[in-house]
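My entries follow in the order in which I made them.

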Amino acid sequence: MNTEFFAAWIEEITSAVRAGRDHLTELDAAIGDADHGTNLDRGFTAVGEALAAAPPGTPGALLVLTGTTLIRKVGGASGPLYGTAFREMGKAFGEATEISPAELSAGVDAALAGVRRLGSAAEGDKTMVDALAPAAAALSRAVRDGLKPEEALEAAATAAAEGARATVPLQARKGRASYLGPRSVGHEDPGAASTALVFGALRAAASR
Amino acid sequence: MVGIVLISHSGGLAAETAALARQIGGAKVPLAAAGGTEDGGLGTSPDRVSAAVEEVDQGDGVVLIPDLGSSVLTARLLESPGQVVIADVPFVEGAVSAVVAAGGGASLDGVLAAAEEAWHFRKL
């Protein structure tokens with residue numbers, strides 16, 4: 001997977017976020033402050049502009065620029081969190097111009113570690129970690145079992161989507177929704193839902 | 001003197017808390033409010049917060065006091081051990097305590113400890 005592949009991933013995320021913007025915002029209206037869809041849409045639109053203005057030469061540089069732009073432009077908690085995720089993945093890739101599935105898996109693990117460190121969230125807290133952690137685990141398993149790249153990305157996307165859906169019955173222990181206590185139960189976590197979109201976009205980039 | 005940055009989702013909340021703390025703790029403390037997004041909405045702007053840190057940094061360290069959600073995460077991005085530290089404290093009471101301590105010439109650790117005392121302020 002080369003720089004073009006990762007640029008395609010970011011484009012797919014941008015389209016998915018735009019298409020899902022109102023849905024994400026509705027999820028956030030239920031248990032947060034009703035800005036997740038618009039914030040991410042603004043952030044990824046700014047990422048598109050930044051990448052077009054100074055096209056990075058490596059997958060790592062592309063993801064670091066993506067993360068830095070998200071941190072600066074999103075405005076909500078998802079800015080630092082997604083920004084850290086993309087930056088950590090980009091840093092894990094270093095100067096490489098071609099990323100293997102095993103390196104991608106290590107990059108997703110680095111993203112997960114960064115998000116966990118920044119947000120102090122664990123699985124079951126009803127956050128993006130509930131989609132990101134299963135996706136990272138599925139990708140790692142798929143690579144270990146020697147699955148084809150498309151199959152590995154399919155497994156990661158499926159795990160992220162299932163992880164997001166599984167946040168519905170949970171009570172939030174981190175993030176804005178945690179202020180709602182038991183009232184946060186019965187709603188899908190918006191951050192987990194957008195993380196599922198990010199991994200769906202990764203699968204879509206691979207089937208382009 | 002130790003600098004203090006108040007980081008809130010709301011520009012108005014940060015600015016008014018700063019005004020209150022300054023009135024109680026003294027006008028000479030390097031104190032900045034960094035609330036809201038760049039377009040004036042609710043949220044936090046890392047650019048605004050890092051500009052505020054630079055503004056109040058006199059070389060004796062800076063204490064960041066966030067309110068909730070993204071302000072905490074934004075503050076964590078700017079942490080630098082021994083130089084830029086986060087006070088995990090009630091926003092208004094912590095801000096007042098920190099400003100009073102900084103105005104009295106306390107060290108970075110002293111300002112942090114004073115802010116944390118705000119957990120024990122009883123109103124009744």
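I began with Val5(B) and, leaving aside neighbours within four places in sequence, found it in contact with Ala32(B), Ala34(B), Val49(B), Ala52(B), Val53(B), Val56(B), Val62(B) and Leu64(B). Contact here means that the C-beta atoms of two residues, placed from the backbone, lie within 7 Å.

This is a predicted model, in which local features need pLDDT of at least 70 and side-chain atom pairs count only at pLDDT 80 or more, while totals for chains, interfaces and linings use all residues. Residues are numbered from 1 along each chain as its sequence is written, and chains are lettered from A and ligands numbered from 1 in the order in which they are written.

I then looked up the largest nonpolar core, which has 104 residues. Val5(B) is among those with the most contacts inside it, as are Ala135(A), Ala156(A) and Ile65(B). Such a core is a set of buried Ala, Val, Leu, Ile, Met, Phe, Trp, Tyr and Cys residues joined through C-beta atoms within 7 Å; buried means 20 or more other C-beta atoms within 10 Å, exposed 12 or fewer, and partly exposed in between.

**Helix α1(A)**

I checked α1(A) (residues 3–31) against α3(A) (residues 59–73): the angle is about 25° and the axes are 8 Å apart. Helices are DSSP runs of H or I of at least four residues, numbered from the N terminus; axes are lines fitted to C-alpha atoms over the stretch in contact, with angles from 0 to 180 degrees between N-to-C directions. The pair is therefore roughly parallel (under 35 degrees; over 145 is roughly antiparallel, 65 to 115 roughly perpendicular, the rest oblique). Thr3(A), Phe6(A), Ala7(A) and Ile10(A) meet Pro59(A), Leu62(A), Leu63(A) and Thr66(A).

I next took α1(A) with α8(A) (residues 190–206), which pack at about 150° with axes 8 Å apart. These two are therefore roughly antiparallel. Trp9(A) and Glu12(A) are among the residues that α1(A) brings to this contact, and Leu197(A) and Val198(A) are among those from α8(A).

**Thr68(A)**

Is Thr68(A) exposed, partly exposed or buried? I counted 17 C-beta neighbours inside 10 Å, so Thr68(A) is partly exposed. This residue lies in α3(A) and, not counting residues up to four places away, touches Gly83(A) and Arg87(A). Its C-alpha atom is 7.9 Å from that of Thr84(A), 16 residues apart along the chain.

**Chain B against chain A**

I noted 14 residues from chain B and 13 residues from chain A in the contact. On the chain B side, α3(B) gives the most, with five residues.
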